[in-house]
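Please look over the sequence and the model below. The briefing after it is written for someone new to this structure.

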Amino acid sequence: MQAIHYPALGIAEVTEIPVPDLMPGHALVRVRAAGLCHTDIEVLHARYGGGHFPLVPGHEYAGVVEAVAEDVTGLEVGSRVAIDPNLPCGTCRACQKRMFNLCSNLKAYGVTNNGGFAAYSMVKASHLCDIGSLPFETAALAEPLACVLNGLNAAQLTTGPFATQNALVFGAGPIGLLLALSLKAKGVQQVTVADIVESRLEFAQSLGLSTAVPGSDDLAVRTKQFDFVADATGVARVIEGLVGFVADGGTALVFGVCAPGTEVSISPFEIFRRQIKIVGSHSLNRNIPDALAILSHDNEGLMARLVSHRLPLTEVVSFITKRDVAPSTMKVQFVAD
Ligand SMILES: [Zn+2]
Ligand SMILES: [Zn+2]
């Protein structure tokens, strides 16, 4: 079968590899859509996931069950499914607290085990989530959306009289926009996205989001005015500025990924005096079904519009290896017939 393959550190190619043999407890999924994520590039360079090569990358995918191991019950050939890629150990301290995303021995399809950038993927049956009638391309957004929802859960957006009324998200890439649209789906009235690229702001506006330009006078006068402020850039300077925009008692979410050694300077007095919450978030925690529920209620298809490229594997691989990607590029997906 055709697959994107990382034979060794730093090498990404499209090649033929055998269709995996079906193991007990597993199903063989014919991949119909698989999204590219910056993590796939980090995995190639062993900056994330510890460098397990050879590897088929891809952890955001959906498809059709092609075969089911004999010992698996309750799963039919032909089922339409999305994959929960995380493979926690189930026994470490974090797993015992059901924070499976923080497993000290976390493995994942597309990171340590072969993933979705292939014609077929063998997945544990317990990691398949029914997608109903959702289009595969939309269902392949469930994994990044689940990561976003994990962040919003960590931030504990409140409802009722103390509800988060407004939010500011830095970064109008696919994840920043997914975060912004999720805030709206959760009932936050005013959601503003900030980015330095004008075309991205125009796209954000077409999704019904307010926009702002970082460093502009318009944004400078809005310090301490947002109940919730999130970073989806991974730029240290942006993260350093988050707290300044948070209203008293509000929350800053660090969602974008900085390099491990990065440090920023934040005023502890301000955190204390203004009772600011600073929240982190990593990956997803068995919440693909929550993401699928939101996607199935996205009647206007706003989230689905984040898919900008639907490509064969031979073209997806170039987005893994090339340095410059046009700012109009949102979510790149491998889509199979
Ligand atoms: Zn990802
Ligand atoms: Zn664990």
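Predicted model: local features only at pLDDT ≥ 70, side-chain atom pairs only at ≥ 80, totals over all residues.

Residues are numbered from 1 along each chain as its sequence is written, chains are lettered from A and ligands numbered from 1 in the order in which they are written, and side-chain values use heavy atoms, with hydrogens and water left out.

**Domains**

- The chain is divided into domain 1 (2–144 + 284–335) and domain 2 (156–280); such bounds come from an automatic or database domain assignment.
- Between the C-alpha centres of domain 1 and domain 2 the distance is 28 Å.
- Contact (heavy atoms within 4.5 Å) is made by 10 residues of domain 1 with 16 residues of domain 2.
- About 1,200 Å² is buried between domain 1 and domain 2, and carbon and sulfur atoms give 77% of this area. Buried area is the accessible area (1.4 Å probe) that two parts lose on being put together, summed over both.
- On the domain 1 side, Arg-305, Leu-306 and Met-330 lose the most area to domain 2, and together they make up 42% of what that side buries.

**Zinc site**

- Cys-37 (SG) and His-59 (NE2) coordinate the zinc ion (ligand 1) at 2.1 to 2.3 Å. Donors are N, O and S atoms within 2.8 Å of the metal (3.2 Å for Na, K and Ca); water is not among the atoms, so sites may look incomplete.
- The two residues are 22 residues apart and link distant parts of the chain: Cys-37 is in the loop between strand 3 (26–35) and helix 1 (38–44), and His-59 is in the loop between helix 1 and strand 4 (60–68). Helices (H or I, at least four residues) and strands (E, at least two) are DSSP runs, numbered from the N terminus.
- Cys-37 counts as buried because its relative accessible area is 18%, and His-59 is buried at 6%. Buried means under 20% relative accessible area, exposed over 50%, and partly exposed in between (1.4 Å probe, protein chains only).

- An open sheet of 6 strands, paired in parallel, has the order 12-11-10-13-14-15. Two strands pair if DSSP finds at least two bridges between them.
- Strand 12 (210–212) and strand 15 (277–280) are the edge strands, each pairing on one side only.
- From one strand to the next, the twist averages 20 degrees.
- Strand 10 (residues 166–170) and strand 11 (residues 190–194) run parallel and are joined by 5 bridges; Phe-170 has Ala-194 in strand 11 as its bridge partner.
- Helix 4 (residues 142–155) packs on the sheet, where it touches strand 13 (226–231), strand 14 (246–254) and strand 15, and its direction makes about 150 degrees with that of strand 15. Axes are lines fitted to C-alpha atoms, for helices over the stretch in contact, and angles run from 0 to 180 degrees between N-to-C directions.
- Helix 6 (residues 198–206) lies across strand 11 and strand 12, at about 160 degrees to strand 12.

**Pairing around strand 17**

- Strand 17 (residues 331–335) has 4 of its 5 residues buried, so it is largely enclosed by the rest of the structure.
- Strand 3 and strand 17 run antiparallel and are joined by 3 bridges, with Phe-334 in strand 17 as the bridge partner of Ala-34.
- Strand 16 (residues 307–311) pairs with strand 17 in the parallel sense over 4 bridges, and Gln-333 in strand 17 is the bridge partner of Arg-310.

- Arg-305 is in the loop between helix 10 (288–296) and strand 16, and it is partly exposed, with a relative accessible area of 37%. Not counting residues up to four places away in sequence, Arg-305 touches Phe-203, Ser-206 and Leu-207.
- Glu-66 is in strand 4 and is partly exposed, with a relative accessible area of 37%. Leaving aside neighbours within four places in sequence, Glu-66 is in contact with Leu-28, Val-29, Arg-30, Val-77 and Tyr-120.
- Ala-82 is in strand 5 (residues 80–83) and is buried, with a relative accessible area of 1%. Leaving aside neighbours within four places in sequence, its contacts include Tyr-61, His-127, Ile-131 and Leu-292.
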